[in-house]
Amino acid sequence: FKTVFLNVFLMMAEERRQKQCSVVLPTESMKAMAESVGVGQLQEDSCVALSEEVSYRIKEIAQDALKFMHHGKRRKLTTSDIDHALKLKNVEPLYGFQSQEFIPFRFASGGGRELHFYEEKEVDLSDIINTPLPRVPLDVSLKAHWLSIDGVQPSIPENPPPATKEQQKKESTEPLKAVKPGQEEEGSIQAKGQSATSAEVKGKEKLRMKPRSTHELSVEQQLYYKEITEACVGSCEAKRAEALQSIATDPGLYQMLPRFSTFISEGVRVNVVQNNLALLIYLMRMVKALMDNPTLYLEKYLHELLPAVVTCIVSKQLCLRPDVDNHWALRDFAARLMAQSCKTFSTTTNNIQSRITKTFTKAWLDDKTQWTTRYGCIAGLSELGADVIKTLIIPRLAVEGARIKAVMEGPVVSNIDKIGADHVQSLLLKHCASVVAKMRPAPDVMEQYRADFGYLGPMLCSHVVKARAQAALQAQTVNRTTLTITQPRPSLSVSQSGGVGGSGGPRTPSIIKVPSSLTLMSTRPATPTQPSPPATKYIVMATSAGAASTQQVITLSSSQSGSPVTSTVPSGSTSLQPLVKLESGGGTVAGSRPLQKYIVVSLPSSSSSSSSLEHKGGTTATSPVTIETSVKSERSESPATHTHSPH
Amino acid sequence: MTRLAVSAPGEKMAAVQDGGSEPEGEKEPQPELPSDGSSAPAATPASKPEEQQQQQQQTLLAVLQFLKRNKLIESVDALRREAGLADEPDEAPGSEAGGGVGGAAAGSADSADASALLSRVAGAAQSGAASAPAKGGEDQPDVSVVLSAYSQQGDPSLYQVYYSGLKKFIESVLDCHRAELSQLFYPLFVHMYLELVYNNHESEAKAFFEKFSGDQECYYQDDLRVLSGLTKKEHMKGNETLLDFRTSKFVLRISRDSYQLLKRHLQERQNNQIWNIIQEHLYIDIFDGMPRSKSQIDSMSGSLAGEARREANKAKVFYGLLKEPEIEVPLDDEDEEAENEEGKPKKKKPKKDSMGSKSKKQDPNAPQQNRIPLPELKDSDKLDKIMYMKEATKRIRLGPETLPSICFYTFLNVYQGLTAVDFTDDSSLIAGGFADSTVRVWSVTPKKLRKVKSAADLSLIDKESDDVLERIMDEKTASESKILYGHSGPVYGVSFSPDRNYLLSSSEDGTVRLWSLQTFTCLVAYKGHNYPVWDTQFSPYGYYFVSGGHDRVARLWATDHYQPLRMFAGHLGDITCTRFHPNSNYVATGSADRTIRLWDVLNGHCVRVFTGHKGPIHSLAFSPNGKYLASGSTDGRVLLWDLGHGLMIGELKGHTDTVYALKFSRDGEILASGSMDNTVRLWDAFKAFDDVETDDFTAATGHIHLPDNSQELLLGTYLTKATPVIHLHFTRRNLLLAAGSYNSQ
């Protein structure tokens, strides 16, 4: 009977989704359960009767269990709630059915059937005995903080940010509704009847709104603002990094946002005139930090920020000595910022992207445009993506090539113009090569390129060839990789200890350690899934039969849409003990002690396995390999260095 | 109700020797016949023995009434027996609410089932065998009788026709009547469905359910879910929800015009099926006057058994405060200098306002000072009272302009295990109940918690010395927190005694434990509930405490009695929270049946039934002046009630999840509510109570029209990061303390 309970609770979850029609367990389940307890042939009738009875009882128990959840002041039902509900009914609870997770069931589907199962891992006792005891969980403690002082919530780390992004958005888009949904409606209703009162109501609303929209900063905020702005444009790089970090992460900045935006736009205005390249760079970094802050809703201030950014992209002169200073980097950086803001903020209403594109194109088409501005326009356009390059830049390659040729090979040329033309040329080549590679069929004939693209043709051709080679390499690895990894943001670095415990013989060679939950093939279909944003590196180390250990670094980065780049690093000496050093991925919250799972993947050179990780790319001769996974849970203060000796 | 009768006449409340229970009994709500009297949709409670046969089919309330009048001695007998059982709970596992459940689950013989059910229905805490001799056999609402009310056969296929016929009729009537008559849908739907199920028309029942369940009001969803699972006659045995529906008549309040419209229609159509159900299972409370509007009806409906009968809220409630004992406040010698000209007038003022009841003349609404025997004040209590008054003079006057500061106590590293919190009145200690069966006490002042020395050490102390109280404490045990081990299940309720010497905790293991805060040991385990005890609270004067739990009975205890003094029975669902009235004469209980009941401690009568919540009630708070009650439920709404008139007077909408904590400020100006949605909200209670126009008509009919002004009353919303708020407390100076456990997920 217990097995029945066990197997059937998951059905309840299913049932929730459907409406409250009376859902009954399928009779096949009854049969399967009967077989599992040794009852062979069960009559169909008894199956039906059983399933109805069981369904009813289980619903009863689940309803009782909900009571325990409510009184436990939780939102999630736990196994203990169900135990208590069983106890209410004088049924023995399910002993030993404890689970760390709230829903211990795993879902699998295949062959048109859906299946839930309870994952019971086989545990190697010797592993358990040998692992050091986990840290004792922290004891309950009490911490007091001010949620409100005289009715005002102080901005301290213990409190949530004063206004969430949604709220800020709401306020900026529908200011009236954000204040008082009820009142606003009332006001409009009354407006139909009496205009005088409606005006009063409106007036009242405005009065109520006013304190919200004025941006009076508290003394602390003023101090903070002063410190941050000073640090951002000051001379100390360390301080600046801290300040930018604060801007990028602090949740309570939204009241200061208008000040920051004005600061940046005014700053750019002044410093462009003064050609102060350093300050312009600092200000752009501030823009970047503001955009990185997940709690800020920047839409309201784009009208100040975007012109500043555009200025830094296309301004004729950004520095005092254009021939020496690297103002190109600033233009590149600002162009990337612009592309990012187009991506995040462009809507059909504000049309940022199309407006920006127009601005750039217009400036670029002008013959009198300086090389610096020209560079900025092209950079700005090409950052917007392959489509923009295809439609706007490539058709003009020939014209632009001619212009460059005129400068490069022409007689009288100022040094500045030459540098500018040079930069434009490399920029065009860099961005166009990959796009052209996709546009044109494979054989790249130099002459044809010359015919199509003029002066830039031959150079473009060689770039395209390179790009193709690289793409082919990537494609290969994509096709071969069946390792699916969903992973927040871990980063791994490899360090090799000089022959620690180095015994020469063939040993089980390789270890992967990855922080937090790495899923290997288990729950997801075997397609390469989209990895999470930042580049993720996994190091697979393998020893081939010749005992020459190599390491493979798999980099998963989002920009390449899930195509891992594999590079192989032959390790220095056979006697070296590969060690994997784990670095904190930054995804962990300071102070909390996350439960870490390390998955160790070893790749012996033997074959045949259930799930295989194949790498044929590069030079490694790793044939189908077994992945032995063992999951170890460790509670560690920070995911610091852990070594794991091979077994 | 039955249980009420069994317990109510109990003369054995040791502390209370008031003989007033008999006359009080007469005040028990009496359903009155509608004056047309022809059809008697409302069952008249029988007052003569020969009407007993009819009673079997009537509500248990009626049975009870009768019992109370005529069979008092036997009831007392039953009570005695029940008390005996409470002593040895192990011997009678099936006592109380468990019978039906245990029997059904264990799959015992049918007869055992029936008897178990019987005890469940009868509500008396006896096993089936014991109950038979206790009452006359003919009095017994036998379960087969109860269920057989459904045995009358109609053509099962016609049920849908009947129902949709009625539906068509109701949709076609005038607007003013439609809302009222629409109330019929839900109870009719349920009873017709149950009739089908009872008569084994499974497929018809299913079809009926699927066709019409969508029409029901959304607040009945939970009940419908239970109902949908029930598809077989066998399921009906042991299903508490069903039995509640059967044994208590669903109460509808309908104006005379609407009622006659309905009656005429049904008589014309010869629709006996529906007419029978209306007569047998519904109680239609007919009133003269304008039919109510949809919103008026919606605000009052939602409970498991319909609205409260009007009569249920007619009894007089002495909601005034007791006169404070005269204590000479030593005009603070040391404070005098500190409080110069500024302090003096300030000090006078709050004294008058906040302690208005302290004035010499007795509040006409206050109960007799000795209506309930209260413990004598000890010297230490007097000292505490003086401290309280001193603090009160420094109290901040709150209002919409001056909102309180909120100090939030976050419990860390509890892994979702915090289930209950309480603060002492002077805010010096915090107790937390945890899912791991422990109770922990923290000191939030620099004063550490110390145990009393062991007996051997105590004998060495010079008892005459001035600082003997200091000397008995063991300095070695000083720590900021202490853990109390003893329960064997999650602790769902904790409550400090007013004198801070004791702590109560109630748990899933069915016990309420009394802990000493001197020795930090368990003193008593009060057994009697047998099922999880969801809440417990000390009386504001100490000594008494109340507890309520899954067995649907709230119990009143005195700390020095191991048996309950009163049992308050009548709720149809789990009792989820219990609160003492500030004058200690009444107890309010909130329940999963979505009603709130107010019980008279003196005689155990239910004096108020409040309906209107649409979900189980999880928090209650009395206003400091004793006039009002606030209640919060799982639907996130807070309702305000006027105890004197028995009316709903306000609805505070804003929370999006269960309201687990409610508290009035010390002056009653502000109501603070804390919820699962991680917010603390402050409401203008003064304005909420002020806005209500209680003219005589609304007071008489109870048809209150609520203004929808939640937004105006909301003074502030304070969001925590990820901490559900499960307790709130105003310090004596009106600083708001909140508590909850950080939920990292």
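Across the interface of chain A and chain B of this predicted model, 16 residue pairs are found in polar contact, both residues being at pLDDT 80 or more; a polar contact is a pair of N or O atoms within 3.5 Å, of which, within protein, one must be able to donate a hydrogen and the other to accept it, and residues adjacent in sequence count only if both atoms are side-chain atoms. The elements that give two or more residues to the side of chain A that touches chain B are α3, α4 (79–88) and β3 (141–148) of chain A, where helices (H or I, at least four residues) and strands (E, at least two) are DSSP runs numbered from the N terminus. The largest share of this side, 11 residues, comes from α3(A).

The count of salt bridges between the two chains is 4, a salt bridge being a side-chain nitrogen of Lys or Arg within 4 Å of a carboxyl oxygen of Asp or Glu. One such pair is formed by B:Arg440 and A:Asp139, whose closest N and O atoms are 3.1 Å apart.

Helix α3 of chain A (residues 44–71) also holds A:Ser55, which counts as buried because its relative accessibility is 6%, buried meaning under 20% relative accessible area (1.4 Å probe, protein chains only). A polar atom of the side chain of A:Ser55 lies 2.4 Å from the backbone oxygen of A:Ser51.

Residues are numbered from 1 along each chain as its sequence is written, and chains are lettered from A in the order in which they are written. Local features need pLDDT of at least 70, and side-chain values use heavy atoms, with hydrogens and water left out.

Terms used:
Buried < 20%, exposed > 50% of the residue type's maximum accessible area, 1.4 Å probe, protein only.
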